[in-house]
Amino acid sequence: MLDLVNQYQQINDEINAAMHKVLTSGLYVNGPAVRQFEVNIEEFLGAKHAIGVASGSDALLLSLHALGIGKGDKVIVPTFTFFATAGAVSRLGGVPVFVDIDRKTYNMDLAQVESILEKDRDKEIKAIIPVHLFGLPVDMKRVMDLADKYGIFVVEDACQAINANIYFNDDSNLHTGTGTKKAGTIGDAGCFSFFPSKNLGCFGDGGMIVSNHDELAENISILRVHGSKPKYYHSVVGYNSRLDTIQAAVLNVKLKYLQEWTEKRRNVAAIYNKAFQAAKLMDKVKCPEIEDGHVFHQYVIEVEKRNDLTAYLNEKGIGNAIYYPVPLHLQECFKELRYQKGELPKAENACQRVLALPIDPELSENSIEYIVDNIKQFILSS
Ligand SMILES: *Cc1c(COP(=O)(O)O)cnc(C)c1O
C-alpha cells in the first residue's frame, strides 16, 4: 500500500542526523524537538496551539476529556470510520451516537446529524466528531453552523487528513479568517495521528491536538502530564501521553516534504481515475472524485464482487485493503447500544463494496496501469 522503507531511504541522512542529535542530547522526554514540532505544526496548519500527544487515539481522548465529556454524555460520530473515533467517547463513559454516511463522500451525513440534534430535546448530546475520512474534508461550515445552533462542541478527527484544505466563500459563522483553512483547525479541537501509515507518519505512535482556544489548550497540556501543574501538584487526574522526542525529531524532518507528498498522492489518484476511464470500467468501478482539498490518505474504489477481487489481487501480489469491513454500530463491543443491522444502511453497504488500492506517493504510472489492468481482467472474467 505504501513503501515506508523507500520513503526512509530517500531522506535517511537527514532522519539519521535528527535522531542522532536526540540520542546524544540526553533529553529523551519532552526534549526541544517536541516543542519545535509543535511550533512547526502551528505554523503549517495555521492553528494557535499545538500539543503533542502519544497517539491519534489519545488526541481524541484528551480533547474530549478536556471539553468535559464524561459519564452518560452523548457524542455524535460517524459509523464508518476507524474504531478510535468512537472508542474515545466510550473510554470516558460517554455514549457514541452513530450516524450514517453520505454515499458519495463517505463522510458523515449532516442532514441526519441535524435531525438527531433537532430531536435531542433534553440536550444529552454534548459534542460531535466529524471525521475527514480518507483525507476528504467534511463540510465544516455546515458542521459549525449546527454546533453553534445546538450548543455542542466540535472535535475534528483529522487523523487521515493532515494538510487537507477546506475552502470557504463566506466566514459568517467561522470566527477567524476567510478563504482556505486546514482540516483540524476549525472545530474546538483538531486531532492528528502520526502512525507510520498516515500521510505524515513517524516510526511508532504519535499524535497531536490543535486548538485556537487558550484555556482548552492549557487544560489539554495539563492532562497530558498526569493533570499536574506545577509538577507534583495535581488538580485533575490526567494521563501519561507525550509525543516521543525521537518521533518529534523525525517528524520535523518529514514535515518539510508533506506538501510534495500530498501533491504526489493527489496525482496518483488522478492517474488511477484516468486509467479506469481508459479501461472503460467506469460502469463497473466507482472511483473517488479528485477534489482540490482531498489529500488521499486512501484511494478507495467500489466494486460489486469486492471479496473475490481482494482474493484475486492478493494472489497476484497486488496490495489492497478494506477500510472498513464492519461499521462501528454493528461492532460487538457496542452491542449494548442496541443498533440493528439495516439501521445505517449506506455505511453497511459501503462496508461490502469498498476497496483501497496502493497510494504510495512514488507509485509510477506503469504500476498504476498494471493494477488497473489486473482489476479489468478480474471483472471481465467474473
Ligand atoms: C489512525 C486514526 C486514528 C487513531 O490514530 P492512532 O495514532 O493510531 O491512535 C483515529 N481516527 C482515525 C480516523 C484514524 O484514521
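What share of the contacts in the protein with a separation of 6 or more comes from residues 24 or more positions apart? The share is 72%, where a contact means heavy atoms within 4.5 Å.

Welcome to this structure. It is a predicted model, in which local features need pLDDT of at least 70 and side-chain atom pairs count only at pLDDT 80 or more, while totals for chains, interfaces and linings use all residues. Residues are numbered from 1 along each chain as its sequence is written, and side-chain values use heavy atoms, with hydrogens and water left out.

## The whole protein

The protein contains 13 helices and 11 strands; these are DSSP runs numbered from the N terminus, with helices being H or I over at least four residues and strands being E over at least two. Its radius of gyration is 21 Å, close to the 21 Å that the globule rule gives for 382 residues, so the protein is as compact as a globular protein of that length. That radius is taken over C-alpha atoms, and the globule rule is 2.2 Å times the number of residues to the power 0.38. Along the principal axes, the C-alpha atoms fill a box of roughly 70 × 60 × 40 Å.

Of the 382 residues, 54% are buried. Here buried means under 20% relative accessible area, exposed means over 50%, and partly exposed is in between (1.4 Å probe, protein chains only). The accessible surface comes to about 17200 Å², and carbon and sulfur atoms hold 50% of that surface. Such areas come from the Shrake-Rupley method with a 1.4 Å probe; for residues, only the protein chains shown count as cover.

There are 40 positive and 48 negative charges, and their mean positions are 2 Å apart. Lys and Arg count as positive and Asp and Glu as negative, with His and the chain ends not counted; each charge is placed at NZ of Lys, CZ of Arg, CG of Asp or CD of Glu.

## Aromatic rings

Now to the rings. The structure holds 15 aromatic pairs. Rings of Phe, Tyr and Trp (its six-membered ring) pair if their centres lie within 6.5 Å; planes under 30 degrees apart count as stacked, over 60 as edge-to-face and the rest as tilted.

One of these pairs is Y8 with F203, an edge-to-face pair. Y8 lies in helix α1 (residues 4–10) and F203 in the loop between β8 (189–193) and β9 (207–211), so the pair ties together parts that are 195 residues apart in sequence. Y8 is partly exposed at 26% relative accessibility, and F203 is partly exposed at 39%.

Another edge-to-face pair is F98 with Y339. It links F98 in strand β3 to Y339 in the loop between α11 and α12, 241 residues apart. F98 is buried, with a relative accessible area of 3%.

| Pair | Centre to centre | Angle between planes |
|---|---|---|
| Y8 and F203 | 5.9 Å | 85° |
| F98 and Y339 | 5.4 Å | 70° |

Ring pairs also join F80, Y106, F134, Y323 and Y324 into a cluster. Two members of this cluster, Y323 and Y324, are joined by a cis peptide bond with omega about 5°. Y324 sits in the loop between α11 (306–315) and α12 (345–353). Y106, also in the cluster, has a positive phi near 70° although it is not a glycine. Y106 is found in the loop between β3 (95–99) and α6 (110–119) and is buried, at 7% relative accessibility.

## Other backbone features

A cis peptide bond also runs from K229 to P230, with omega near -10°. P230 is in the loop between α8 (214–224) and α9 (245–255). K123, a residue other than glycine, has a positive phi of about 55°; it lies in the loop between α6 and β4 (125–128) and is partly exposed at 46% relative accessibility.

## A covered helix and a buried glycine

How many of the eight residues of helix α5 (residues 84–91) are buried? Six are, and the helix is mostly covered. They are A84, T85, A86, G87, A88 and V89, and they pack against α4 (56–66), β2 (74–78), β3 and β5 (153–157). After α5 comes G93, with a positive phi near 85°.

G184 lies in the loop between β7 (179–182) and β8 and is buried at 1% relative accessibility. Its C-alpha atom is 5.4 Å from that of A158, 26 residues away along the chain. Leaving aside residues up to four places away in sequence, G184 touches H132, E156, A158, A189, G190, F192 and V210.
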